[in-house]
Amino acid sequence: MDSKPFQFQLFAWATGFMSGVNMANQASGLGYRDFTSMQTDVILGEVRAACGRNPDLPVISAVEPMYQQFPARK
């Protein structure tokens with residue numbers, strides 16, 4: 001987690017995953033989450049904390065709850 005290239009890749013993957021969920025939800029008429037408040041250091045910090053608590057946790061399991069924290073929009 002201390003490697004800048006790894007942090008960049010993790011953030012890129014996390015934002016891509018959450019954007020994909022947004023696209024799927026919008027296509028299903030479920031609205032989307034507003035990411036305008038998204039901050040790189042917050043995303044990386046939450047993943048680091050989740051993985052620190054449970055090192056066997058898949059990264060997706062650390063990112064999914066973050067998605068739910070962003071404001072829902074229609």
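This is a predicted model: local features need pLDDT of at least 70, side-chain atom pairs count only at pLDDT 80 or more; totals for chains, interfaces and linings use all residues.
The secondary structure of the chain consists of 3 helices and 2 strands. In sequence order these elements follow the pattern α-β-α-α-β. Along the principal axes, the C-alpha atoms fill a box of roughly 40 × 20 × 15 Å. The chain has 74 residues, and 28% of them are buried. When contacts between residues at least 6 apart in sequence are considered, 70% of these join residues at least 24 apart.

Two packed helices are described by the angle between their axes and the distance between the axes. For α1 and α2, the angle is about 95 degrees and the axes lie 10 Å apart. An angle from 65 to 115 degrees counts as roughly perpendicular, and α1 and α2 are therefore roughly perpendicular to each other. On the side of α1, the contact is made by Gln-7, Leu-10, Phe-11, Ala-14 and Met-18, while α2 contributes Thr-40, Ile-43, Leu-44, Val-47 and Arg-48. By class, the residues of this contact between α1 and α2 comprise 7 nonpolar, 2 polar and 1 charged.

Gln-7 is located in helix α1. Is Gln-7 buried or exposed? Its relative accessible area is 15%, and since buried means under 20%, Gln-7 is buried. Leaving aside residues up to four places away in sequence, Gln-7 touches Met-1, Asp-2, Leu-44 and Arg-48. Two of the partners of Gln-7, Leu-44 and Arg-48, are also listed for α2 in its contact with α1.

Further along helix α1 stands Ala-12. With a relative accessibility of 36%, Ala-12 counts as partly exposed, because that class lies between the limits of 20% and 50%. Ala-12 and Val-59 are 47 residues apart along the chain, and their C-alpha atoms are separated by 13 Å. Thr-15 also belongs to helix α1. The relative accessible area of Thr-15 is 18%, so this residue is buried. Between the C-alpha atoms of Thr-15 and Phe-35 there are 9.1 Å, with 20 residues separating the two along the chain.

In helix α2, Asp-41 may be taken as an example. Asp-41 is exposed, its relative accessible area being 56%; the exposed class applies over 50%. Asp-41 and Gln-9 are 32 residues apart in sequence, and the C-alpha to C-alpha distance between them is 13 Å.

The next pairing is that of α2 with α3. Helix α2 spans residues 40-53 and helix α3 spans residues 59-69; the two pack at an angle of about 135 degrees, with 9 Å between their axes. This angle makes α2 oblique to α3. The crossing of α2 past α3 is right-handed. Which residues bring the two helices together? In α2 they are Ile-43, Glu-46, Val-47 and Ala-50, and these meet Ala-62, Val-63, Met-66 and Gln-69 in α3.

The axes of α1 and α3 come within 10 Å and cross at roughly 55 degrees. As a result of that angle, α1 is oblique to α3. Here too the crossing is right-handed. From α1, the residues Leu-10, Trp-13, Ala-14, Phe-17, Met-18, Val-21, Asn-22 and Asn-25 meet Val-59, Ile-60, Val-63, Glu-64, Met-66 and Tyr-67 of α3. This contact of α1 with α3 has 11 nonpolar, 2 polar and 1 charged residues.

Technical notes: Residues are numbered from 1 along each chain as its sequence is written. Side-chain values use heavy atoms; hydrogens and water are left out. Axes are lines fitted to C-alpha atoms, for helices over the stretch in contact, and angles run from 0 to 180 degrees between N-to-C directions. Helices (H or I, at least four residues) and strands (E, at least two) are DSSP runs, numbered from the N terminus. Angles under 35 degrees count as roughly parallel, over 145 as roughly antiparallel, 65 to 115 as roughly perpendicular and the rest as oblique. A crossing is left-handed if the near helix is turned anticlockwise from the far one by less than a right angle, and right-handed if clockwise. Contact means heavy atoms within 4.5 Å. Buried means under 20% relative accessible area, exposed over 50%, partly exposed in between (1.4 Å probe, protein chains only). Ala, Val, Leu, Ile, Met, Phe, Trp, Tyr, Cys and Pro count as nonpolar, Asp, Glu, Lys and Arg as charged, and the others, Gly among them, as polar.
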